[in-house]
Amino acid sequence: MLCSGGLGHLYAVTTNPWEACGQGVGMAARAGAIIADPEFVQFHPTAIDIGKDPAPLATEALRGDGAILVNSKGRRFMLDIHPDGELAPRDVVSRGVFDEVKAGRGAFLDCTKAIGKHFPDMFPTVYASCMAAGIDPVTQPIPVAPAVHYHMGGVLTDGEGRTSIDGLWAAGEVTSTGVHGANRLASNSLLEAVVFAARIAENIKGTLPTPKLTEWGDNAGENDDPVTVEDSPPFKRLRGLMSECVGVVRTREGLLQAIREIAELERVNTRLRFANIITTAKLIAVAALQRTESRGGHFRADCPEERPEWQRRTYLTLAQAERLAAEAAETESA
Ligand SMILES: Cc1cc2nc3c(=O)[nH]c(=O)nc-3n(C[C@H](O)[C@H](O)[C@H](O)COP(=O)(O)OP(=O)(O)OC[C@H]3O[C@@H](n4cnc5c(N)ncnc54)[C@H](O)[C@@H]3O)c2cc1C
């Protein structure tokens, strides 16, 4: 049973810890499993932008309690974008924040009026993160940026947590059960993990053969210390590339660049763990290139509308992704 979590750490700015870098999706795909909806990556709009990795969260409850988003000129920008302002869906607020940051105006969560002196009691964790960075949210706006938070896509499973590979079940964020559609609602993920884990336990019961001792396969010299991958220049390059080209706002041109550079990283890579990570990145980039529309966590600046012909899930094997990536590269060079 695969339960290796999400993939936020494939991106430069994320709320996810290092362990969540998509190894499970990559492993399953390399073993031939069908991956569903890999292009749907959810960004949290208000990670605290203080250069920490992972980035701490300024919880949505702050906006629920009336905190507003302003730029460095003090202008409240979300009301220009969506009638619900700061309470618009996560992807809409993320793009609003992204645009301000990209334009050099910065984005800040101003809690000074709505929460003010109650901040330390009401939101002690966020308060501690801010104070550790020298920002007092009682009197100062909090600098924020969108950060990868959750992956709606993953290893395709059925209602019993079975994948397309015999004998492989999967649960939690590594899966795509379909429960979250293209844009998960906050707090549904833990519930999903619990429900499907229990169903899998029932489904597996009595089906497993008596375990036999086997030798571990040769790991081709891989150092099992994850830090050696985390700190490596190729991994840093991949994270930058994913944020730049496969991030909050995507374009065909950027996605083609990502696919090209991912292929190059793959060509020179000799590490098993990193091979899984790169595979996941490739699946996301290829699926994002294919989906020529915008929906949920996937936004294409060159196709900004939802399109009825795309009102369906993506199903992708690694072999198909590789064929599509090769075709895209050929079209580009023609
Ligand atoms: C800051 C933050 C706040 C969140 N808040 C909420 C919330 O309020 N409500 C909600 O519903 N969800 C929330 N989520 C999402 C939720 O926490 C995750 O979706 C959920 O924890 C995923 O559970 P999981 O069991 O699938 O994976 P995880 O809990 O991530 O566990 C995966 C495990 O697999 C291990 N692993 C990974 N790769 C390998 C490998 N190759 N070999 C061996 N082990 C491996 C990891 O080390 C880890 O121990 C939040 C997420 C973050 C980051």
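How many aromatic pairs does the structure hold? I counted five. I took rings of Phe, Tyr and Trp (its six-membered ring) as paired if their centres lie within 6.5 Å; planes under 30 degrees apart are stacked, over 60 edge-to-face, the rest tilted.

I noted that this is a predicted model, where local features need pLDDT of at least 70, side-chain atom pairs count only at pLDDT 80 or more, and totals for chains, interfaces and linings use all residues. Residues run from 1 along each chain as its sequence is written, and side-chain values use heavy atoms, with hydrogens and water left out.

I looked up tyrosine 11 and phenylalanine 43. They pair edge-to-face, at 5.9 Å centre to centre and 85° between the planes. Tyrosine 11 lies in the segment before helix H1 (23-30) and phenylalanine 43 in strand E2 (residues 41-48), so this pair ties together parts 32 residues apart in sequence. Helices (H or I, at least four residues) and strands (E, at least two) are DSSP runs, numbered from the N terminus. I found both tyrosine 11 and phenylalanine 43 buried, meaning under 20% relative accessible area; exposed is over 50%, partly exposed in between (1.4 Å probe, protein chains only).

Next, tryptophan 18 and phenylalanine 235. This pair is edge-to-face too: 5.6 Å between centres, 90° between planes. Tryptophan 18 sits in the segment before H1 and phenylalanine 235 in helix H8 (residues 233-245), 217 residues apart. Both are buried. With Phe274, Trp18 and Phe235 make one aromatic cluster.

Last, I checked charges over rings (NZ of Lys or CZ of Arg within 6 Å of the ring centre and within 35 degrees of the ring normal). Arginine 184 lies over the face of tyrosine 150, 4.4 Å from the ring centre. Arginine 199 has its charged end over the ring of phenylalanine 196, at 5.2 Å from the centre.
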